[in-house]
Amino acid sequence: MPWFALERFDASFFDTAPHRHRFRMDLPVAPHTVWEGLAGRTPLSWCRGLAGGRYTSPAPHGVGTTREVTALRLLRLREEFVHWEEKEEGRRHAFCVTQASLPIYRRFGEDYLVEPLAAGGTRFTWTFAYEPARFLRRPAALTDAPGAAFLRTLIADTKRHFGAA
């Protein structure tokens, strides 16, 4: 299978990308439970549209960690973490996709922010940021709906998994 290289970026891309989707969820579980689901051995295993999520670099994980995941059974992604922070008051990590099995993105990444809520539970903010490949720029601007619909299924699966649906 061919792999297509994507451009790398820094954390500012999550605020400047041409396409951004940010979802905030209040979940009725402890922050460490959400973090384990995101950063543990089988990340995002509850999401029906994702499969095969696995780290390709050894623990402990942090900036520079790599992993692979398959979306919708046809798009394989190789990711590298550009941010990884674990603090008492919250945890955050973000990655950029370095390679994809289809040439549909110029840049793509996700940012996960896990924060404790004062009343208990967790606020999880999941941000998706991307720039389509040059040949898809105009169509992507016109047809962002299918991608946004897929992202909403990931959010619904996450809420259901953690008992917030």
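**Reading a buried aspartate and its neighbouring strands**

A: In this predicted model, aspartate 111 touches Phe14, Arg92, His93, Ala94, Thr125, Trp126 and Thr127, leaving aside residues up to four places away in sequence.

Q: Where does aspartate 111 lie, and is the residue buried or exposed?

A: Aspartate 111 belongs to strand β7, which covers residues 105–116. A residue counts as buried when its relative accessible area is under 20%, and aspartate 111, at 5%, is therefore buried.

Q: Which side chain makes a polar contact with that of aspartate 111?

A: The partner is arginine 92, whose side chain is joined to that of aspartate 111 by a polar contact of 2.7 Å. Arginine 92 is also one of the residues that aspartate 111 touches.

Q: How should I think about side chains along a strand, and how are β5 and β6 arranged here?

A: In a regular strand, side chains alternate between the two faces of the sheet. In this structure, β5 and strand β6 (residues 90–100) run antiparallel and are joined by ten bridges, with two residues between them in a hairpin. Within this pairing, tryptophan 84 stands opposite histidine 93 in β6, and His93 is among the residues touched by aspartate 111.

Q: What does the pairing of β4 with β5 look like?

A: Strand β4 (residues 66–71) pairs with strand β5 (residues 75–87) in the antiparallel sense over six bridges, and arginine 67 stands opposite glutamate 79 in β5. These two strands form a hairpin with three residues between them, and in the turn leucine 72 has a positive phi of about 55°.

Conventions. Residues are numbered from 1 along each chain as its sequence is written. This is a predicted model: local features need pLDDT of at least 70, side-chain atom pairs count only at pLDDT 80 or more; totals for chains, interfaces and linings use all residues. Side-chain values use heavy atoms; hydrogens and water are left out. Helices (H or I, at least four residues) and strands (E, at least two) are DSSP runs, numbered from the N terminus. Buried means under 20% relative accessible area, exposed over 50%, partly exposed in between (1.4 Å probe, protein chains only). A polar contact is a pair of N or O atoms within 3.5 Å; within protein, one must be able to donate a hydrogen and the other to accept it, and residues adjacent in sequence count only if both atoms are side-chain atoms. Contact means heavy atoms within 4.5 Å. Two strands pair if DSSP finds at least two bridges between them.
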